[in-house]
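Q: Could you take a close look at one part of this chain for me, the nonpolar core and what lies around it? I'm just starting out, so please spell out the terms as you go.

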Amino acid sequence: MILQLFSIPVFFLIKYGYLALFLWSILEGEIGLMLTGWLASRGEVFTFEGAFAVAIAGAFLGDNTVYLFGRLFEHRAMAWLERSRWKKERVLAWFQKWGSSLIVFERFIYGTHIPALLTVGMSGYPYWKFLLYDILGIVLWAATFLSIGYHFGQKAVELILFAQKNLVLVLFLLGVFFLLFLARQEEKDEEENTNEGEPL
């Protein structure tokens, strides 16, 4: 089933191996990581450890390139961000609210990777702090998506695609389930208190 759904990327991963994974990781490729994890689980082309190291190297190169572009070419970076004004405003709001945490977790939010790194670069955020948080984020990202592909394969790829492209819906559903859980817990507590107050 994976071969039918992702025949072209799987072909390139099988043919070019770690080079394809390295280039894909530069460009931020969760699907590429999951497909690589799936191939590693089948003993094809990749090992988990080798893929993990190569993905980190590619992502590190890509992230630093984008950050330094924002830092050194602020006007060009700003002009690029203006093309996607809603992304720019959203990332700015997140950065003001969450600060360094945005660097760690932005890779997990669909469509915000490049705007987030450009914004951090333009903000004058210290490079050594960026390196620290970026490496942490890359390691979490690579470990997460490789492991998902390695252990869950096709179902995981489809689920992640849906979750990333429907983030608002997913967060809304999680919020609803959380509120229902809290309401149920309150009902249980009230029942327990009522039962304790009844005479034997």
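A: Out of 200 residues in the chain, 36% count as buried, where buried means under 20% relative accessible area, exposed means over 50%, and partly exposed is in between, using a 1.4 Å probe and protein chains only. Keep in mind that this is a predicted model, where local features need pLDDT of at least 70 and side-chain atom pairs count only at pLDDT 80 or more, while totals for chains, interfaces and linings use all residues. Residues are numbered from 1 along each chain as its sequence is written, and side-chain values use heavy atoms, with hydrogens and water left out.

The chain has 10 helices and 0 strands; helices (H or I, at least four residues) and strands (E, at least two) are DSSP runs, numbered from the N terminus.

Now for the core. A nonpolar core is a set of buried Ala, Val, Leu, Ile, Met, Phe, Trp, Tyr and Cys residues joined through side-chain atoms within 4.5 Å. The largest one here has 22 residues, and the members touching the most others are Leu 13, Leu 21, Leu 33, Phe 46, Trp 141 and Phe 145. Two or more residues each come from α2 (7-26), α3 (30-41), α4 (48-72) and α9 (127-165). Helix α3 gives the largest share, 7 residues. In soluble globular proteins, nonpolar side chains tend to be buried together.

Zoom in on Leu 33. If you skip its neighbours within four places in sequence, Leu 33 is in contact (heavy atoms within 4.5 Å) with Leu 21, Ala 55, Trp 141, Ala 142, Phe 145 and Leu 146. Apart from this core lies another, of 14 residues, including Leu 81, Leu 102, Ile 103 and Tyr 125.

One is Ala 116, in helix α8 (residues 113-122). Ala 116 counts as buried because its relative accessibility is 2%. Ala 116 and Ile 103 sit 13 residues apart in sequence, with 7.5 Å between their C-alpha atoms.

The other is Asp 134, which belongs to helix α9. Leaving out neighbours within four places in sequence, Asp 134 is in contact with Ile 103, Phe 60, Asp 63 and Asn 64. Asp 134 is buried yet has no salt bridge, meaning a side-chain nitrogen of Lys or Arg within 4 Å of a carboxyl oxygen of Asp or Glu. Its nearest side chain of opposite charge is Arg 107, 5.1 Å away; Lys and Arg count as positive and Asp and Glu as negative, while His and the chain ends are not counted.
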